[in-house]
Amino acid sequence: MLAASMVGFAWTQWPSDKSVASAGERFDQSIYKNLDPSFSREHMRGRLISAARKNPGFGGIFLSNRQTVLNIYIAEDANDPEQWEKDRQALEELLDLQSGLKLNVIKGDYTIAQLSAWYDLMKSEGVWDQTGVHMIDLHEGINKLYIGVASEWDVEGVYTFLEGIGIPRGATTVEAVEQPRPL
């Protein structure tokens, strides 16, 4: 399921208009280029899928604003406190930072597996049918699902929808954002 739903680092989706390129996609490409000079999207996706399978706490990855620090979220397992350190060491080895990027590990609340399952669930249950929704994202930079809506009036309705299908409020950020424009 994780492999089928992973399309890269940023999973931003806009309604069917292909002419809109998300900032997440542009940001995404810079991550690939900095991590792997050969820049193969498939190669990096394979590495992420491998990271998620081998490291149950893996919660996402993102570059700092200056693109000098690679931040990795790892969710802490209350049942196995030593797993966090195991995941950290394994991810450092797996990513093998040849690019000179510094590595920063952050304790996250959710794993990629959890966020991916909730992302697929909200899509299948009709998030696009909710009033005002014009953007959805599995946002690794905040270790949450992100939903952009047309106005403040739409925010609470989307939270209610998400909670109704079993997605915890803490795992989501819903906010009014400007509607994307074709480039």
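Me: What's the strand order in the open sheet with β1 in it?
Reply: That sheet has three strands in the order β1-β2-β3, and the pairing is mixed. Two strands pair if DSSP finds at least two bridges between them. Strands here are DSSP runs of E with at least two residues, helices are runs of H or I with at least four, and both are numbered from the N terminus.

Me: Before I go on, what kind of model is this?
Reply: It's a predicted model, where local features need pLDDT of at least 70 and side-chain atom pairs count only at pLDDT 80 or more, while totals for chains, interfaces and linings use all residues. Residues are numbered from 1 along each chain as its sequence is written, and side-chain values use heavy atoms, leaving out hydrogens and water.

Me: How do β1 and β2 run, and how many bridges join them?
Reply: They run antiparallel, with five bridges joining them. Also, G60 stands opposite Y73 in β2.

Me: Zooming out, how many helices and strands does the protein have?
Reply: Six helices and six strands. Starting at the N terminus, the elements go α-α-α-β-β-α-β-α-β-β-α-β.

Me: So what's the order in the open sheet with β4?
Reply: The order is β4-β5-β6, three strands again with mixed pairing. β4 and β6 (172-176) are at the edges with a single partner strand each, so one side of each has no neighbour in the sheet. The twist averages 15° from one strand to the next.

Me: And how many bridges join β4 to β5?
Reply: Six, and the two strands run antiparallel. D137 stands opposite Y146 in β5.

Me: Which strands does α6 touch when it packs on the sheet?
Reply: α6 touches β4, β5 and β6, and its direction makes about 155° with that of β6. Another helix, α5, lies across β4 and β5 and runs at about 160° to β4.

Me: Which residues of α6 are buried?
Reply: D154, V155, V158, Y159, F161 and L162. Buried means under 20% relative accessible area, exposed means over 50%, and partly exposed is in between, using a 1.4 Å probe and protein chains only.

Me: Why are those on the same side of α6?
Reply: Because they cover an arc of only 160° around the axis, where the arc is that of the directions from the helix axis to the C-beta atoms. An α-helix has 3.6 residues a turn, so residues three or four places apart point the same way.

Me: Which exposed residues are on the face turned away?
Reply: W153 and G164.

Me: What does L162 contact, beyond its neighbours within four places in sequence?
Reply: M122, I147, I167, T172 and V174. Contact means heavy atoms within 4.5 Å.

Me: How many residues are in the largest nonpolar core?
Reply: There are 33, and L162 is one of those with the most contacts inside it, along with F58, M122, L145, I147 and V174. A nonpolar core is a set of buried Ala, Val, Leu, Ile, Met, Phe, Trp, Tyr and Cys residues joined through side-chain atoms within 4.5 Å. Elements giving two or more residues to this core include β1 (58-63), β2 (69-75) and α6 (152-164).

Me: Last one: what share of the 183 residues count as buried?
Reply: 46% of them.

Terms used
Axes are lines fitted to C-alpha atoms, for helices over the stretch in contact, and angles run from 0 to 180 degrees between N-to-C directions.
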